[in-house]
Amino acid sequence: MPKAKITREEALAFHLEPTPGKFEITPSVPMTTQRDLSLAYSPGVAVPCEEIAANPELAYDYTNKGNLVAVISNGTAVLGLGNLGALGSKPVMEGKAVLFKRFADVNSIDIELDTEDPDAFCNAVRLMGPTFGGINLEDIKAPECFIIEQRLKEEMDIPVFHDDQHGTAVICAAGLINALHLSGKKIEDCRIVLNGAGAAGIACLELVKSMGAKQDNCIMCDTKGVIYQGRTEGMNQWKSAHAAQTDLRTLEEAMKGADVFLGVSAKGAVTQEMVMSMAEDPVIFAMANPDPEITPEEAHEVRPDAIVATGRSDYPNQVNNVLGFPYLFRGALDVHARAINDEMKIACAEALAELAREDVPDEVALAYGKNLTFGRDYIIPTPFDPRLIHRIPPAVAKAGMDTGAARRPIVDMEAYELSLKSRLDPTASILRGINARARANQARMIFAEGDDPRVLRAAVMYQRNGLGKALVVGREDDVKTKLNAAGLGDAARELEIINAANTRHLEVYKDFLYNRLQRKGHDEKDIHRLAARDRHVFAALMLAHGHGDGLITGATRKSAHVLERMNYVFDADAEHGAVGVTALLHNGRIVLIGDTLVQEWPDEHDLATIAERSADVARHLGLEPRVAFVSFSTFGYPVSERATKMHLAPKVLDARGVGFEYEGEMTVDVALNAQAQKAYPFSRLTGPANILIVPARHSASISTKLMQEMAGATVIGPILAGVDKSIQICSSVSTANDILNMAVLAACKVG
C-alpha cells in the first residue's frame, strides 16, 4: 500500500485555513444578554471568587481548572528538528493541545517560554500553577528536562509530566508486558539492553525497573558504549544512576544472550548479527524516529521468533505516545491528582496491555482494513480504539486513589466509566474508519471536473494521501496551468489526465450511449456531443466501462443538472430506487437525512425505500441504524393529511420485514432527544434516531442548509445510494476538503 505523502503546500494550507492555527476558544455558557454578562463578569463573578478564596479546592467546581492542561516548551528539542526556539515550536505545541482534546476531551492550551535557563523556566511555570489542572512538558532537551521536571514536581501541587520521557516509557512498558507474556518470560529474569541514554531512554529503564527488572540485568548504552560502574567519560548523574556492575563494554557485547532490546537512539544502530546473538524469542523495540534502529523486515529475516515494535504507524506494534498522555491526564484530572506517580504510569501500561489481549471491536478492524488479534504483530492497542477513553483513565484514577495522589476520589467507578464513554466523539472514529478503508481499497477515482482548481487540489490530495489513483477529466494544458497557479505544478506528472481526445474507448462509449438513448429522442450527433464534450457524461461512461472504480462530480454545476447527466448512463432516478442521503456532523453527533437529492415528493413506499437505502449508508459508516420518520405531528397528533404518508411508511417497512429499528411519525425533538422520547414508552426506538426520513426534498434541503449555516454543522453529501456504481455528487460550494471527503466515500462504496 503506498505511503501517504504530505507536501509543504498542503501542510501550510492546513495550518492557514480556515483560520491561522489549530484551535480557538469558545464559551461554554450563554454570553448574549445583559444578565449573562452580569453573571459571567461583574458583579456575579465576585461570588465564586470569594468561595474559592475561602476554599481553594472549589476552583475545580467553579472554573475550568479541573479540565485544563498546559502544554509547555522552550523549543530546545522539537520533534526530530532540534533547537528551533520557543516560537518555532508553537505549531507542535498547538498540535499536542488538540490531541488532548481529540483523544480524551481534555482542554489544553500551548505556552512557549522564550528561555533556555532552567531557573527562569521553572519560575514561570510554577507561577502559572493556579491556572491549570496539570502541566505537560514537551520538547525540552536533556539534561535540562530532568532538572526542570524534578524541580516542578517538588514545587507544584498538580501533575507535572514530561511526555517525551514518560509517555514513551508507559507505551513501551505496555508492549513489553505483552511481549514477555507471549514469550513466556518474567521481567525479573530478563536481560534488558537499552540503547540511547537521553530523556526517553532513561525514563523507559526507570519504569521497567519499577516493574520488577533487576538493576544489573539492565544494561544502558550510549554513543560511547555500555554505561558501567566506574565509567567517567560522557557521564552525568542520571546516567550514573543506571550504571551496571558489568564487564561488557559495547552494544554488540551487551546484545549477546539479551532477552529485550529497547532502542531510543538512531537509525541502523542495531545489526542483524546483534539480533542473531540474542536469546530465544527476543523482544526488539526499535523506537528511533523516523527510522528505527533495525527494521522489522531485517530483524525477522534472521530471527523469525522475534517480537518487534517501532515508533512508526506503517509497521505493526507502534509505540505511540497518544495511547498514553491523554488518558493519563484524563484520569489524573478526574481525581484532582497532586501528581502522576509511578503507580499511575504502571496502571496505565497494564490497562493498555490488558486491552490488547481482548477481542478487537469490529469498528477497529474496519478502520485498519484487517483483523487484529493478540499476537506477535498486535501487542499494543491501536490509537483509534474507542475503548481507550473508558478503560485507561479509570485504571489511572484508581491507582491515584490507592496511592494517596487523589484529592477527590471517585465514588461510583461504573458511573465514571459511563461518563467517559459519552466524551468520545463518534464522528472522529467514523471518518477515521472510512479513510482507512479507502486506503485499503486503492480505488481509481475519476474526478470529472478537471478545469476546477478545488477539484484538482482534491485529486492531488487523494493520490498523495495514498488513497488510490486519481484520474482527472480535462485538457492537459489547462490542468497544468491551474495546478501551477495552485502551487502544485509538480503534481501534473503524478495525475492521469484523460479526455475524449486521448482515449481509445470513445467509439465504445458512444455505442453504449446510443443504445441507451436512441429511443429517448437522441440521434448520433447528440450522442457524439454528449460523449465527447460533456465531461459529466464522459466520466460516467468511463465508470460504466470499468475504467475507474468511483466518480466524483458536481462541484461546478447544480446537482439536478449533474444527476440528469448521470441518468443518461446509469439508472440513478427515483423509479429505480436511487436516493440521496446527507450526513450532518455536529457536536460529536452524526445524523443522516434522506432524501436530499433524488425524490421530490415521495409517497409512503418511496419513503420506506429511502429508509432502507439510508440504513445501508449508516451501516457503511459503522452506525447501527435507528430510523425516525419525522413530521410536525407525533404518533397521529395533530391529524393532517400532510403527515399521513409519514404515518404509513413504517407499516410498509413492517411488511418488508427489514432488520433495523424504525418508528414514526414524530417531531424532530422526539426523534433526537432521549428525554422527549421517555413520554412515548411504546416507541420501538431504543435511543435517539441517527437517521431522519423527511417528507420531501424541500424539507431535507431546508434542514441541512439551516444546520450548516446557523449551527456550523459539517455536511457530508448528499451521498448517492442505490446505484450500481459508486458515484458521489458534490455541492457547488464544496471546498477541496469536502470534495476529498466525497472521494473517500466513493472509494469505500458507501451507499
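I began with burial in this predicted model, and found that 53% of the 751 residues of the chain count as buried. I then looked up the accessible surface of the chain, which comes to about 33300 Å², with 52% of that area belonging to carbon and sulfur atoms.

Next I turned to overall dimensions. I noted that the C-alpha trace of the chain spans about 95 × 65 × 50 Å along its principal axes. I also checked the radius of gyration, which is 30 Å for the chain and agrees with the value near 27 Å that a compact globule of 751 residues would have.

For the fold, I recorded 32 helices and 21 strands in the chain. Among contacts with a separation of 6 or more, I found that 71% are accounted for by residues 24 or more positions apart.

On charges, I located the mean positions of the 78 positive and the 99 negative charges of the chain, and these lie 4 Å apart.

I then picked out helix H24, residues 524–533, where I found Asp526, Ile527, Leu530 and Ala531 to be buried. Looking down the axis of H24, I saw that its buried residues fall within an arc of 120 degrees, so they line one face of the helix. On the face of H24 turned away from this buried side, I listed the exposed residues Glu524, Lys525 and Arg533. Finally, I asked which elements the buried residues of H24 pack against, and I noted helix H23 (506–517), helix H25 (535–544) and helix H26 (559–569) as their partners.

Definitions and conventions
Residues numbered from 1 in each chain as written. Predicted model: local features only at pLDDT ≥ 70, side-chain atom pairs only at ≥ 80, totals over all residues. Heavy atoms only, no water. Helix = DSSP H or I, 4+ residues; strand = E, 2+ residues; numbered from the N terminus. Rg over C-alpha atoms; globule rule 2.2 N^0.38 Å. Buried < 20%, exposed > 50% of the residue type's maximum accessible area, 1.4 Å probe, protein only. Contact = heavy atoms within 4.5 Å. Areas by Shrake-Rupley, 256 points an atom, 1.4 Å probe, with all protein chains shown as cover. Lys, Arg positive; Asp, Glu negative; His and termini not counted. Charge placed at Lys NZ, Arg CZ, Asp CG, Glu CD. Arc of directions from axis to C-beta.
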